[in-house]
Amino acid sequence: MDIIVCIKQVPDTTEVKINPETNTLVREGVPSIINPFDENAIEAALQLREKHGGKVTVITMGPPQAAEALRMAIAMGADDAILISDRAFAGSDTWATSYTLAQTIKKLGKFDLILCGKQAIDGDTAQVGPGIAEWLGIPQVTFAVKLEINGQKARVERLLEEVNELVECPLPAVITVVKQMNEPRLPSLKGLMRAKKMEIKTFTAADIEADTKNIGLNGSPTSVVKIFSPPPRGGGEILTGEAEEIVNKLIEKLKERKII
Amino acid sequence: MSIKILLDKCTGCTLCVKACPFGAISMVDRPKDAPGKGKKVAVIDLNTCTLCGACVPACKFEAIELKKELGGVDLDLSHYHGVWVFAEQREGKIQPVAYELLTEGKKLASDLKTELAAVLCGDEPLEEEIDHLFAYGADKVYFAVHPELKHYHTGPYTCALTELIAKYKPEVFLLGATTIGRDLAARLAIRVGAGLTADCTGLAIDPEKKILLQTRPAFGGNIMATIQTLRHRPQMATVRPKVFRKAKVQNPKSKNDGNLIKFRPVFSEEDLLVRILEIVKDETVKVNLADAEIIVSGGRGLGEAKNFKLIEELAAVLGGAVGASRATVDAGWISAHHQVGQTGKTVCPKLYIACGISGKIQHLAGMQSSETIVAINKDPDAPIFKVAHYGIVGDLFEYVPLLTKKLKELKA
C-alpha cells in the first residue's frame with residue numbers, strides 16, 4: 001500500500017511569547033517543528049505500513065530549511081521524502097498550497113492513501129487536506145480519530161463536536177487526522193542515521209509542471225491586507241481574604257452580574 | 001511577483017523589521033554606492049519571506065515594493081450579488097451559528113446594499129426551520145432538497161452548493177466553522193474557485209472597494225491578520241460559533257412569501273462514495289459545550305482523572321457543561337468532546353470558571369470572549385488571570401468544593 005503523508009514545518013506556537021512592551025511576537029529561539037497533527041499522520045501511516053506493507057512517502061512544500069522536517073519524518077521511519085521548494089511558491093494561500101501538493105502527488109503517480117494532519121498550528125485553517133482531495137478528485141474524510149484499511153476501503157471514525165461518526169470510504173482518499181488518533185513515536189537511532197545521510201529530493205515548479213496561474217502569491221485568491229497584534233488584556237479583580245470570605249465575595253459578584 | 005526594498009527611500013528606521021511576522025527582514029549597513037540617507041538599510045531574506053505584505057503598510061516611507069502581477073482568472077465581478085449564509089442543519093434543526101451569521105450577514109448586506117439569503121441543504125419536512133430563517137432576517141432562502149442531503153456528507157453537499165453558486169452567483173458566502181462547515185467550505189472553495197478564509201473573528205466591508213475584510217487570529221492567537229479576496233467570487237469565510245451574537249428575531253411573523261427557492265440536485269456516483277455507518281454517542285457529554293450558558297473547566301491542576309468529579313459537581317449545581325484543557329484530554333483524563341481551546345472548541349458562555357488551568361494562549365483563544373471569567377489557580381502569575389474578571393489565587397481542592405457547597409446551600 002502506497003501512502004503519502006503531507007506535512008508542514010511550523011514555528012512551535014506553544015513557545016511563542018509576546019513582548020509585553022512592544023506587544024509583538026518574540027521570535028528569537030522559537031524552534032521549528034513538524035506540525036504536531038502531521039506527526040500523528042506520519043504515525044498512522046507507519047502503523048498501516050507495519051500491518052499491510054508498502055511504502056510511506058512524506059512530502060512538504062516550503063523553503064529549503066523545511067528539509068529538516070522531512071529528515072525528522074525519515075528518522076521516525078518514513079521511506080522516502082520530497083521537498084517541494086521554489087521561490088515561485090512563496091505567498092501561497094490554501095488554494096495554491098493544496099494545488100501544489102496535489103500536483104506533486106499526481107507527478108508521483110501511484111498512491112492508495114493520502115494522510116494529513118487536521119490543520120497546521122500556525123495557520124489553523126484545516127483547508128489544505130480537503131483542497132488536495134478536490135484537486136485530485138477523490139473523497140475526503142476529515143478529523144479522523146480511528147482508521148482501519150480493508151482491501152480498497154477505509155473505515156474511519158471521525159471526531160465531531162458531540163459524537164463520533166463511523167464512515168466507510170473507498171480508496172484512494174485523503175484522510176486528515178486529529179491528535180487523539182495515536183501517540184507519535186520518537187525517531188530511532190537507526191532512523192536518525194538514515195535521515196542524516198539521505199539526500200532529500202527537491203521538486204521545483206517546473207518539475208511538477210505547475211500551472212503558474214495556481215501557484216504562489218499570484219495564484220492565491222486571498223491576500224493579507226494587514227497583520228497586527230491583538231490588543232493586550234488587563235487583568236481583572238483578584239479576590240482576597242479567608243477562603244469563606246472569598247467564595248462569598250465571588251457569589252455576590254455573580255449575583256450582581258445576574259448569572260446566578 | 002516580487003518584493004524589494006527601494007534603497008533611495010529606506011531610512012533604516014526598522015519599522016518593517018517589527019512588522020514582519022516571519023522575521024524575514026533585518027538591517028545591514030548601507031552599501032557605499034547606494035542612494036539614500038542613513039547608515040542602515042533593510043534587507044529581506046527571500047527564503048523566509050512569504051510575501052504576506054505585512055511590511056508594506058508598516059513602512060512610512062513607501063520604501064517596500066510588492067508587485068503582484070495580475071494574470072489568470074478574469075471574472076466579471078459585477079455578476080456577483082448578495083450575501084449568503086449556510087444554514088447548517090443537524091437532525092433537521094438549524095444550528096445556532098446560522099442565526100448568528102444571519103445577524104452579521106444582515107449588516108454586511110446592508111453595507112453592500114444587497115440582499116441576504118440563507119442556503120439550506122436537507123430533506124423535507126423543514127418548513128418550520130425555513131420560517132425561522134426568514135424570521136432572522138433572510139430575504140431569500142435557497143433550499144436544496146434531496147434524501148441524500150438529510151445528513152451531512154461532503155460529496156452531495158458540495159455538489160448541490162456548487163450548482164446553486166454557479167446559478168445565483170453570491171458575492172459573499174459565510175459558513176459556521178463547525179466540523180461540517182470546515183469540511184464543506186474547504187472542498188467547495190476549490191471547486192467553485194472561491195477565496196476562503198478560516199475562523200474569522202471579525203468581518204467588515206471595505207467602504208471604497210466594497211469587498212469583504214476578514215480578520216482572523218493566526219499563530220495560535222498571537223497575531224491577527226486581515227484577509228481579502230480581490231478577484232475571485234464568492235468571497236467565502238468560516239466563522240466560529242458564538243463569535244457573533246444572534247440578534248432577537250427580526251420579523252417574528254415573517255413567512256415564506258414566495259422567496260423560497262427550492263432546488264433538487266442530481267448526484268453522480270462520485271458524489272456518494274463516503275457512507276455513514278454509525279454514530280457513536282459520548283455518554284460523558286451531558287450538556288453541549290457550544291450551547292452552554294455556564295461552563296466549568298478543569299486543567300492540569302486537577303492532578304488526576306478522578307478529580308474531574310469536583311468539576312462535574314460544580315457544573316451540575318450551576319446547570320452548566322464540563323470543559324477541559326488540552327493537557328487533561330491528552331493525558332486521557334476526559335474525552336476530547338470536552339476540550340476548549342484552539343484545537344478544541346471555542347466557547348462564549350455567560351460564565352466560564354477555569355479551575356487549575358494556567359491559560360496557555362491556545363486555551364485563551366477558545367474562551368476569552370466569555371462574558372464573565374472566573375479563574376482559580378495556585379500560581380498568581382498564571383496567564384489565565386490576565387483574562388479573568390475575578391481571580392482566586394489558591395488551591396482548587398479547597399475552593400471548588402467550597403463554592404459547590406455554598407451554591408447548593410443557596411439553592412436549598
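View 1. B:L196 stands opposite B:M236 in β15(B). The strands here are β11 (residues 195-200) and β15 (residues 235-239) of chain B, which pair in the parallel sense over 4 bridges. Strands pair if DSSP finds at least two bridges between them, and both strands (E, at least two residues) and helices (H or I, at least four) are DSSP runs, numbered from the N terminus. Strand β11(B) is largely enclosed by the rest of the structure, because 6 of its 6 residues are buried. A residue is buried if 20 or more other C-beta atoms lie within 10 Å of its own, exposed if 12 or fewer, and partly exposed in between, with C-beta atoms placed from the backbone.

A word on what you are looking at: this is a predicted model, in which local features need pLDDT of at least 70 and side-chain atom pairs count only at pLDDT 80 or more, while totals for chains, interfaces and linings use all residues. Residues are numbered from 1 along each chain as its sequence is written, and chains are lettered from A and ligands numbered from 1 in the order in which they are written.

View 2. Where the chains meet, 6 bridges join β14(A) to β14 (residues 223-229) of chain B, and A:K226 has B:T226 as its bridge partner.

**View 3. A second pairing between the chains.** Strand β15 (residues 237-238) of chain A pairs with strand β22 (residues 390-393) of chain B in the parallel sense, over 2 bridges. Here the bridge partner of A:E237 is B:Y390. Across the whole contact between the chains, 86 residues come from chain B and 78 residues from chain A; residues are in contact if their C-beta atoms, placed from the backbone, lie within 7 Å.

**View 4. Two helices of chain B crossing.** Helix α5 (residues 154-168) and helix α6 (residues 179-192) of chain B have axes that come within 10 Å and cross at roughly 45°. Axes are lines fitted to C-alpha atoms, for helices over the stretch in contact, and angles run from 0 to 180 degrees between N-to-C directions. The two helices are therefore oblique to each other; angles under 35 degrees count as roughly parallel, over 145 as roughly antiparallel, 65 to 115 as roughly perpendicular and the rest as oblique. Among the contact residues are B:Y157 and B:L161 of α5(B), and B:L184 and B:L188 of α6(B).

**View 5. Two cis peptide bonds in chain B.** One joins B:E124 and B:P125, with omega about 5°. B:P125 sits in the loop between β8 (116-122) and α4 (127-135) of chain B. The other runs from B:R233 to B:P234, with omega near -5°, and B:P234 is in the loop between β14 and β15 of chain B.

**View 6. Two positive phi values in chain A.** A:A126, not a glycine, has phi near 60° and lies in the loop between β8 (113-117) and α4 (128-136) of chain A. A:A126 is buried, with 26 other C-beta atoms within 10 Å. A:K258 has a positive phi of about 55°, in the segment after α6 (243-256) of chain A. A:K258 counts as exposed, with 7 C-beta neighbours inside 10 Å.

Definitions and conventions:
Two residues are in contact if their C-beta atoms, placed from the backbone, lie within 7 Å.
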